[in-house]
Amino acid sequence: MQSMDRNTIIGFVLMGVLLFVYLFISSKNSQELQVKKQQYEDSVAKIESARKKTAPVITDSVNAVTAIDSTATGWARAASAAESFQDLENDVLAIRFTNKGAQPVQVKLKNYKRSDSSQVTLIHDGSDNISYAVNIGPNQTAQAGELFFQLKDIKKDPSGNQTISYEVTGNNGETIVHEYALKQGSYLVDYTIRLNGVNSLLTQQQLNLNWVVDAHQQEKDVKYERQQSQLVILEDGEYDYFNLFSSDQEKFEKPVHWASIKQQFFNTTLIAKDKFDAAQVDWTSPGEDTTSLIVAAKASFQKKLTGDNTAVIPLQFYFGPNDYKILRNVGVDDMDKIVNLGQGFYAFVRPINQFVVMPVFDFIKKFIGSFGIVIALLTLFIRLITSPLVYSSYLSGAKMKALRPEIDALKAKHGDDQQTFGMEQMKLFREAGVNPLGGCIPALLQIPIFFALYSFFNANVALRGERFLWAEDLSTYDVIARLPFSIPLGFGDHISLFTLLAVITSFLISLYNMNMTPDQNNPMLKYMPYIFPVVMLFFFNRLPSALTWYYTVSNVITLVLQFIIQKYIINHDQIVAQLAQNRLKPKTKSKWQEKMEEVQNSQKRVQNMQKKGK
């Protein structure tokens, strides 16, 4: 059994291992991405051939030249018009629509800037496309995204809400109408497809909708942004997510409510109010950082239309930030799940973020203007409310330390007979009233809080562009020096001062704990205090400065708490006296102790039988 401080070290080692696993799962190094390069090139060619859409040259709608053959009618007219554009905007979105396919061709977020100070643009001049096949004659089909619609109507009500509608008419009077509604203050765009003549327009009334999305770089570190990008989908009431930093394909056989291409801080989402019957999503991501493309995705959705010869398909687009409050109140089921507050193996930390971390963070933000100070105060709050766990850990360790002479005596007495030593040691703990796991359990209970804060700061869009001390943007790494070369294993070509501070304070904590346990015999535990900070240095150097600042503050608080608890609160003489009193009390074995003794006795019998056999 380990001493109290050894148990504390084990707790930190386990936290370090889990952190390593978390970082490994959520990131891939450049060598792994390079392996995907050929897949990317092949898949892009496939998506481009499926898109069948060339990016239009953006011109002002007033000056657009219309070249329509006056004698053409029906589908011939829809195939021969010139492209024109119309702009709609509210206080948060600026959208440009094209009559080619009657769809958005450019979407800008008015309240957000890219790393180069330009506006965040989620659709880049026709890079995205939404389309579906329609029958235009016997054995003839056309993609709606390639047809030129006529502008039907533009309206704006007194509240500033706007609608725009386009229409195309077939040879036999069939009509397709695309209508968009944009409300003030909303990132949600209502998109309604109205079909008149479904039986002739669609084969067996089956709508096959194709959605192509090219997500481009918005943040400073394109590699890190790729690593944070995901496909998030709500299928049959349950959401799922898939990392997008390598090429892949996913099929969904159950009803799909919405599908989202999520970048680090923004997302583009297609929502089906009546749900799609099934879907498939293919995506590719570049294998190197020479392009601004984050991911190229192509989604196919199927919807069986029933009823009359007319149909209304109510859809919606979301173009906006990964803001938890906005997504939670947007009016679409589970859209807040797009924000990574804990997913997959770490989903258990999401409630901590939702009901503890976020409310406290928002409360402090009401009174403090600097996000750096808000982070420090939040960290202080969390560490103070968990300080009883820290005290319990060190108190248990102090008891173990008081028993150290007797444990050493037992070890010397029994030598290599580990079974007998273990049984005698358990007996000693029981007599003294000491729980040998008392130092580990409190440290393990802090792990969910640790990863909750890690997820929260990594996903908080409010940190974008916020300065603190020498950090120009808390949502990305700070830089105090640029290197003339790039160091592999995720380090990069820069040095982050917040990362250095986090590493140094972690090293000081390790040294402090090692000094409290000078007779460390386990080589792994002996060298871990030196290995872990080095691992941190490589993984943390490219993390957002909000994370490394939080980790630095947390480490400083840990050092202060350790010093105060061990120097002024824990009294060694009182602990020794308490242990002596415990020895005089009648002893009862817990079920755990009984089980442990049964295991040890069984192992002892097996060991004796092996010795007799020899």
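A polar contact is a pair of N or O atoms within 3.5 Å, of which, within protein, one must be able to donate a hydrogen and the other to accept it. In the predicted model described here, the backbone nitrogen of D214 lies 3.1 Å from a polar atom of the side chain of D128, which falls within that limit of 3.5 Å. The side chain of D128 also makes a polar contact with the side chain of S127, at 3.1 Å. D128 is placed in the loop between strands β4 (119-123) and β5 (129-137). With a relative accessible area of 4%, D128 is buried, because buried means under 20%.

D128 also takes part in the lining of a cavity. Across the whole structure, the search finds 4 cavities of 30 Å³ or more. The second largest cavity holds about 60 Å³ of space. Its lining consists of Q103, P104, I123, D128, N129, I130, W211, F317 and F319. Two or more residues of this lining come from each of β3 (103-113), β5 and β19 (310-321). By residue class, the lining of the second largest cavity divides into 6 nonpolar, 2 polar and 1 charged.

The largest pocket contains about 540 Å³ of space. It is lined by 28 residues, and the closest to its centre are R464, G465, E472, D473 and S475. Strand β3 gives the most to the lining of this pocket, with 3 residues. The lining of the largest pocket comprises 10 nonpolar, 7 polar and 11 charged residues.

Aromatic pairs were also searched for, and the whole structure contains 24 of them. In one of these, the ring centres of F97 and Y180 are 4.7 Å apart and the ring planes meet at 45°, so the pair is tilted. F97 belongs to strand β2 (residues 93-98) and Y180 to strand β9 (residues 175-182), so that the pair links parts of the chain 83 residues apart. F97 is buried at 1% relative accessibility, and Y180 is buried with a relative accessible area of 1%. In a further pair, the rings of F468 and W549 have centres 5.1 Å apart and planes at 50°, so this pair is tilted. F468 counts as buried at 10% relative accessibility, and W549 is buried with a relative accessible area of 14%.

One aromatic cluster is formed by F345, Y346, F348, F361, F371, F450, F451, F456, F457, F540, Y550 and Y551.

Helix α14 (residues 447-459) has 13 residues and reaches 19 Å from its first C-alpha to its last, close to the 18 Å expected at 1.5 Å a residue. Of the 13 residues of α14, 12 are buried, so the helix is largely enclosed by the rest of the structure. Helix α9 (residues 371-385) has 15 residues, which should span 21 Å at 1.5 Å a residue; the end C-alpha atoms of α9 are 21 Å apart, in agreement. An α-helix has 3.6 residues a turn, so residues three or four places apart point the same way.

L463 lies in the loop between α14 and β20. The relative accessible area of L463 is 0%, so L463 is buried. The C-alpha atoms of L463 and S545 are separated by 9.8 Å, although these residues are 82 residues apart along the chain.

Positive phi angles were noted at two glutamines. Q204 has a positive phi of about 55° although it is not a glycine, and Q205 likewise has a positive phi of about 55° without being a glycine. Q204 is situated in the loop between α5 (198-201) and β11 (206-216), and the loop between α5 and β11 also holds Q205. Q204 counts as exposed at 65% relative accessibility, whereas Q205 counts as buried at 16%.

Technical notes:
Residues numbered from 1 in each chain as written. Predicted model: local features only at pLDDT ≥ 70, side-chain atom pairs only at ≥ 80, totals over all residues. Heavy atoms only, no water. Helix = DSSP H or I, 4+ residues; strand = E, 2+ residues; numbered from the N terminus. Expected span 1.5 Å × (residues − 1). Buried < 20%, exposed > 50% of the residue type's maximum accessible area, 1.4 Å probe, protein only. 1 Å grid on protein atoms, 1.4 Å probe; cavity = no way out; pocket = protein on both sides within 12 Å on 5 of 7 lines; lining within 4 Å. Points joined across faces, edges and corners; volume = space filled by probe spheres on them. Nonpolar A, V, L, I, M, F, W, Y, C, P; charged D, E, K, R; others polar. Phe/Tyr/Trp six-rings, centres within 6.5 Å; stacked < 30°, edge-to-face > 60°.
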